[in-house]
Amino acid sequence: MSDLLARFAEVTRLYPDRTAVLAGDTRLTFLQLDERTAELAAALGEQGIGRGDRVGVSLPRGAELVVALLAVWRAGAAYVPLDPSYPADRLSYLAADSGLRALLAAEPPAWCPSDVAVLAPSAAGLPGAPPATSPLDTAYLIYTSGSTGLPKGVQVPQQAVAGLVSALELAGIYAAEPRVVAWNASVSFDASVQQWARVCRGDTVVVLDAEHRTDPTLLLAWLDSCGVTDLDLTPSHYAALREHLLAGRPDGRTVRLFIGGEPIPSTSWRELAEAGARGVLEAVNLYGPTECTVDSTASWVTGPGGPQIGVALPGIQARVLDEQLRPVRHTAVGELYLAGVRLADGYHNRPGLTAQRFVADPYGAPGSRLYRTGDHVRWSSDGVLEFVGRADRQVKLRGFRIELGEIEAVLQGHPGVIAAAVLVRKDGPMEERLVAYHVGPDVSSEQLRAAAAASLPEFMVPAEFVQLAEFPRTANGKLDVGAFPAPPVSTPSGTEPAGEFEKLIAGVWSEVLHRDQISADDDFFALGGHSLVALRVVARLKKSFGLRMSTKDVYRHPRLSDLARHVESLTTLVG
């Protein structure tokens with residue numbers, strides 16, 4: 001039995017009636033969670049699932065998701081998160097590449113291989129003795145964006161996950177007493193491990209459903225009703241919630257924010273530090289790649305200093321090296337390499353890539369390894385790490401890790417595209433967004449957007465598509481990234497907004513999307529909208545009309561005129 005499962009068993013023994021999971025109207029005590037996970041683990045065992053096997057988990061956000069993940073571990077297997085919101089083609093590839101033996105899902109999905117056993121999360125077997133396991137066994141296989149056009153699976157061992165929890169405890173980032181933790185991240189991202197696995201140490205996990213995650217008012221009301229003390233979010237998500245969070249909680253409790261996934265802007269750092277000084281909240285900046293088990297460095301957001309990623313957590317060694325793996329001089333920029341017990345085993349079925357990214361550690365014990373992060377950093381004069389930028393084409397956008405090459409490969413698979421290049425752009429007041437450039441016969445942006453959405457998750461679909469006769473190149477033939485033109489400012493070609501609702505929504509879109517003119521026929525996402533911008537749209541509409549809305553309304557009605565009719569129908573119901 002792994003260290004985390006042993007800790008879960010001990011908490012269950014000591015505090016059987018303590019709340020372990022809250023999800024909507026569902027509440028599970030530690031004893032109930034223990035019983036349900038034992039029964040589901042037994043059902044997996046009756047299907048022949050055991051040590052070394054991979055079990056897919058494709059369930060909506062709820063209590064059953066926690067049950068499923070913990071049951072896979074209790075069966076001695078590793079879980080593979082398969083977010084049901086992903087395109088079927090992507091899920092089919094992940095299922096095949098990971099070599100699933102079983103899948104936990106509400107019903108058999110069409111993309112699941114026929115030889116994979118599908119079990120409902122309510123399945124129950126007769127619990128017996130736990131299977132023999134090793135700390136070196138794989139805990140989970142999480143897929144990240146791949147530069148070759150295909151996602152790559154990162155294999156993380158049980159000892160690394162247990163080490164993560166212990167490191168955050170030793171560093172004082174996890175409080176000693178039990179806490180109420182909001183599970184905010186998608187299960188397909190490693191940040192989720194740092195949130196849901198806390199149930200093993202006795203914390204209460206509050207599972208945020210899709211509606212609460214994307215509606216600031218609902219989210220904060222739910223956090224308050226559940227007494228949440230710890231909230232994990234990206235700087236982009238914080239920006240959408242900042243007014244609510246900085247105002248403090250009605251009961252006076254201090255919420256601890258775990259912020260990571262992308263650099264914290266200087267303005268956000270300052271206001272978080274000020275809020276911390278007033279006792280309104282506490283914030284800690286966490287940094288770490290999936291290949292080093294979620295979090296590798298940490299820094300409390302305090303004082304007048306600017307953004308930093310802090311110092312290495314216990315069990316991790318951070319080295320700033322040059323191209324010859326030599327330490328750079330103090331305050332000079334180098335690439336960050338990480339060493340320690342929390343390194344992943346490597347990439348599933350990708351030995352070449354594993355050898356490229358996980359290299360021998362010339363400064364460690366024989367056989368020890370370094371992970372090459374691809375991040376440029378430097379040591380500050382105060383001895384903390386400062387993030388400078390990326391050394392390759394991997395980007396972080398709104399907390400998501402994206403290989404631009406994966407998007408390009410999908411676009412180049414379209415018959416109307418000869419070449420494709422994807423860049424992150426920030427033009428004028430517009431937010432950072434993905435812009436795809438393509439060369440080839442005439443193909444519409446709508447066709448390319450549909451092709452991208454069929455294979456890529458929403459956060460990887462470019463906001464804009466620009467057709468060029470040829471790509472700008474440097475004298476040596478490489479792409480001249482700085483010479484790519486800004487996307488042309490689109491002019492509305494459809495019907496002018498008419499009526500109170502269309503005009504008001506057009507004004508909101510113009511403000512949040514930084515576009516001067518909006519037509520009634522425009523599509524919110526085709527104009528560069530995304531989930532976090534949709535949050536701001538919903539907030540404005542709720543403030544104007546006093547409606548109960550969520551970002552789902554924007555996704556269901558992306559055309560301005562359709563959204564206006566929907567909002568009008570809601571006001572009629574309210575009236």
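User: Hi! What is the strand order in the open sheet of three strands?
Analyst: Hello! The order is β24-β25-β26, with mixed pairing; strands here are DSSP E runs of at least two residues, helices H or I runs of at least four, numbered from the N terminus, and two strands pair if DSSP finds at least two bridges between them. This is a predicted model, where local features need pLDDT of at least 70, side-chain atom pairs count only at pLDDT 80 or more, and totals for chains, interfaces and linings use all residues. Residues are numbered from 1 along each chain as its sequence is written, and side-chain values use heavy atoms, leaving out hydrogens and water.

User: Which strands stand at the edges?
Analyst: β24 (419–425) and β26 (464–467) do; each has a single partner strand, so one side of each is left without a neighbour in the sheet.

User: And how many bridges join β24 to β25?
Analyst: Seven, and the two strands run antiparallel. V424 stands opposite L434 in β25.

User: Which helix packs on the sheet?
Analyst: That's α12 (residues 404–412), touching β24, β25 and β26; contact means heavy atoms within 4.5 Å.

User: Switching topic: where is R201 found?
Analyst: R201 lies in the loop between α6 (191–196) and β10 (204–207).

User: Is R201 buried or exposed?
Analyst: R201 counts as buried because its relative accessibility is 13%; buried means under 20% relative accessible area, exposed over 50%, partly exposed in between, with a 1.4 Å probe and protein chains only.

User: What is R201 in contact with?
Analyst: Leaving aside neighbours within four places in sequence, its contacts include R7, E169, Y174 and E177.

Technical notes
Axes are lines fitted to C-alpha atoms, for helices over the stretch in contact, and angles run from 0 to 180 degrees between N-to-C directions.
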